[in-house]
Structure formats: C-alpha cells, structure tokens
Amino acid sequence: MKAIARENAVAFFFYISMAVLAAGCASGPAAAQRSYTERKAVEAGNAGFDALDKEDYGRALENFTLALQLDRSVDNRTGEMRDLINIGRVHIALNDVKGAEKHLSEAVRLAADEKEEAYLSAALASLAKVSYMEGDSQKALAGIERSIEIDARTGARSGSKLNLKARIQIDSGKLEDAMEVLKQAYEWNSSVDNRQEVANSLRLMALISEARGKLDEAKKFYDEAYDNDTAIGDSARISDDLESMADIELLSGRTEKAAFLYERSFIVSLNAGLLDDSLARLYKIIDIYKRVGDIDKVVYYEKIKDGVIARKERVNSGR
C-alpha cells in the first residue's frame, strides 16, 4: 500500500547548529578563516533544511553540496561526513540510487577511518535503504543490523531504523521476526512521542496482519496510524491511511464503507494538491460504483476525474 512506501525525507538527516562548531578553539588569522568557512557551511546546511521543509529537493541538494565544498576546503571531516550523509539522503528522496550510494559509501569510509560511530551508523542505515530500494533485501538487512548493533554499543536508539529493519524482513517473508521488531519500535517511538514513526510502525503491523488474513486487526492498526497522522497534520499520510482502511473494508465485503473512506481519502489528497493520489482514489471510487451498478455516481465521479486530469495538465504545463 502507498502508505508503506511513503517516507519522510528528513527522517534521518543530521541537523546542525552554530553550537556544534569546534571553531574558535584556536586563535589567529588561520583559525579565524576556518571559523568563518565552517560558519558558512552551517548556513548552507541550514538553508538545505529550509528547502527540505518545502520539499524543494533540488535547492536542498545545492545547499548541502555547497556545505560539503566549504567543509572540505578546511578539512572539517565531521562536517564532511554530515554533508555526505545529507546529500545521500536527498538522492534517496529523489529516487537517485546511484547518487545516494556514491555519497553514502564515501561517508561510510570516512566515518570508519575517523572512528565516528554515530556517523558510521547513520551512513550504514541509509545505505541499507538504498539496498532495499534496489531490491537486495539480504544486503539491506545486513546493513541495517550493523547500524543497529553500533547503536546498541553506543547507547543510541532509533525507532526509524527498527521500522526499516522490519520492512526489509516483511519483504523477505520473515513476518514473525518483523512483528517482534515492530513491537520494540512502537514502544520506543511512543516513549519519545515520535508520532510519525509510531504511525509507520503501526502501518507495518497492519501489513503483517493483512498478510495473515487478520483484516479486523489490520484495520485497528490503520485506525491508530490515522489518529497519529491527523495529530501531526500530515495530509499525504492521512490520505494514505484512509485509502488503506478503505482497502480493508473492501476486502471484508463492506463496499459502502469502503466507498466512503475512498471518498474521504480523495478529498484530503485533492485539497493537499496531491493530484496523482487523487486520481488513484477516484479510479477506485468509480470502480466500486460500477460494481454496484450506481450509474449516477459513476457519471458524477467520471466528471470529477476529468476535472482533476485537466487540472494536472495545467499544473504540468505551468499554466
């Protein structure tokens, strides 16, 4: 289901602030130049995060790349690791596997050389996501497990990494193992009030329940994911949750309820400007009303569909 595939682009990014800079420990003209360059790198990085907030991945990439150039110019290796990871993750958001792998592999090598375990763990986790995107579940699982092992040794915990591990296990058919990991992820994400990752854990639990044929249990998980997504106002995921709930209702033979939820999903996605998602839900709505023989509803939603297609064409043409 679409909700399982959708990722938060900034889930693993390294945010930076002026407070983390080590510049200023030395004195003199060279130290002053280094301090200035590192500050400019921080400013470029922060501009990258501003772009991410607007989902402007092109501008984010430009700013993170500038930060990398600045950090490399003064051999700021900590900054370089951070920038490489952030660039790699933007490439992930853009589905650019080769670009992501190139920068993240550099980050792994540098972090290993510098014995920076936090950065090594982060880079490995992102590389695991790249392997997952490439369909190499075995390599992806090995990478995320290595990252989690480092975290365990250093006392760090990440609910998003646990969710990724579970997702890989689900694709590998290891449903029991995945559910155990998700219980840990749910507990940890709840303890730190990370509603976004709580919802991700719940969606994956729902997927397992669905695979087991436990449709009512799956719907409860989707309901709870929906509650978390509405609390943080994530329109894309709210729409996805509603669609997933509708899919379950349809599988359970509750056609009228399914149609209602698809309609709600359509409305949310349309008002959020998610036109591709809106069309996908409209096709499902039209299909339901064709099945039950409600021709008036079919005609009504066909007209709406034509309007959304026309709107999408205007957006794509820049008019």
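This is a working chat about a predicted model.

Colleague: What should I know about the model before we start?
Modeller: It is predicted, so local features need pLDDT of at least 70 and side-chain atom pairs count only at pLDDT 80 or more, while totals for chains, interfaces and linings use all residues. Residues are numbered from 1 along each chain as its sequence is written, and side-chain values use heavy atoms, with hydrogens and water left out.

Colleague: Where does Leu-124 lie?
Modeller: Leu-124 is in helix H6, residues 117-133. Helices here are DSSP runs of H or I with at least four residues, numbered from the N terminus.

Colleague: Buried or exposed?
Modeller: Leu-124 counts as buried because its relative accessibility is 8%. Buried means under 20% relative accessible area, exposed means over 50%, and partly exposed is in between, with a 1.4 Å probe and protein chains only.

Colleague: Which residues is Leu-124 in contact with?
Modeller: Leaving aside neighbours within four places in sequence, Leu-124 contacts Val-108, Gly-143, Arg-146, Ser-147 and Ile-150. Contact means heavy atoms within 4.5 Å.

Colleague: Now the salt bridges. How many are there in the whole structure?
Modeller: A search finds 29 salt bridges. The criterion is a side-chain nitrogen of Lys or Arg within 4 Å of a carboxyl oxygen of Asp or Glu.

Colleague: Which residue forms one with Asp-151?
Modeller: Lys-161 does, and the closest N and O atoms are 2.9 Å apart. Asp-151 lies in helix H7 (residues 137-154) and Lys-161 in helix H8 (residues 159-171), so the pair ties together parts that are 10 residues apart in sequence.

Colleague: Is that pair buried or exposed?
Modeller: Asp-151 is buried, with a relative accessible area of 7%. Lys-161 also counts as buried, at 7% relative accessibility.

Colleague: And what about Arg-59?
Modeller: Arg-59 forms a salt bridge with Asp-56, with the closest N and O atoms 3.5 Å apart. Arg-59 counts as partly exposed at 30% relative accessibility, and Asp-56 is partly exposed with a relative accessible area of 31%.

Colleague: What does Arg-237 meet?
Modeller: Its side chain meets that of Asp-234 in a salt bridge, 2.8 Å from N to O. Both Arg-237 and Asp-234 are buried. Elsewhere, salt bridges with shared partners join Asp-216, Lys-219, Asp-223, Glu-249 and Arg-254 into one network.

Colleague: Back to H8. What does Lys-165 touch there?
Modeller: Lys-165 is in helix H8 and counts as buried at 16% relative accessibility. Not counting residues up to four places away in sequence, Lys-165 touches Leu-141, Ile-144, Glu-145, Ile-148 and Val-181.

Colleague: Let's do H11. What span should it have?
Modeller: Helix H11 (residues 215-232) has 18 residues, which at 1.5 Å a residue should span 26 Å, and its end C-alpha atoms are 26 Å apart, in agreement. The expected span is 1.5 Å times one less than the number of residues.

Colleague: Which of its residues are buried, and what do they pack against?
Modeller: The buried residues of H11 are Ala-218, Lys-219, Phe-221, Tyr-222, Ala-225, Asn-228 and Asp-229. They pack against helix H10 (195-211) and helix H12 (235-251). Just after H11, Gly-233 takes a positive phi of about 70°.

Colleague: Which residues touch the most other members in the largest nonpolar core?
Modeller: Leu-282, Ile-285 and Val-308, in a core of 40 residues. Elements giving two or more residues to this core include H8, H10, H11 and H12. A nonpolar core is a set of buried Ala, Val, Leu, Ile, Met, Phe, Trp, Tyr and Cys residues joined through side-chain atoms within 4.5 Å.

Colleague: What else does Ile-285 touch?
Modeller: Not counting residues up to four places away in sequence, Ile-285 touches Tyr-262, Glu-263, Phe-266 and Tyr-301. There is also a second, separate core of 28 residues, which includes Phe-64, Val-90, Val-108 and Tyr-119.

Colleague: Last topic, backbone. What is the phi of Asn-95?
Modeller: Near 60°, a positive value in a residue other than glycine. Asn-95 is in the loop between helix H4 (77-93) and helix H5 (97-114), and counts as exposed at 60% relative accessibility.

Colleague: And Asp-193?
Modeller: Phi of Asp-193 is positive, near 55°. Asp-193 is placed in the loop between H9 and H10 and counts as exposed at 58% relative accessibility. Most residues other than glycine have a negative phi.
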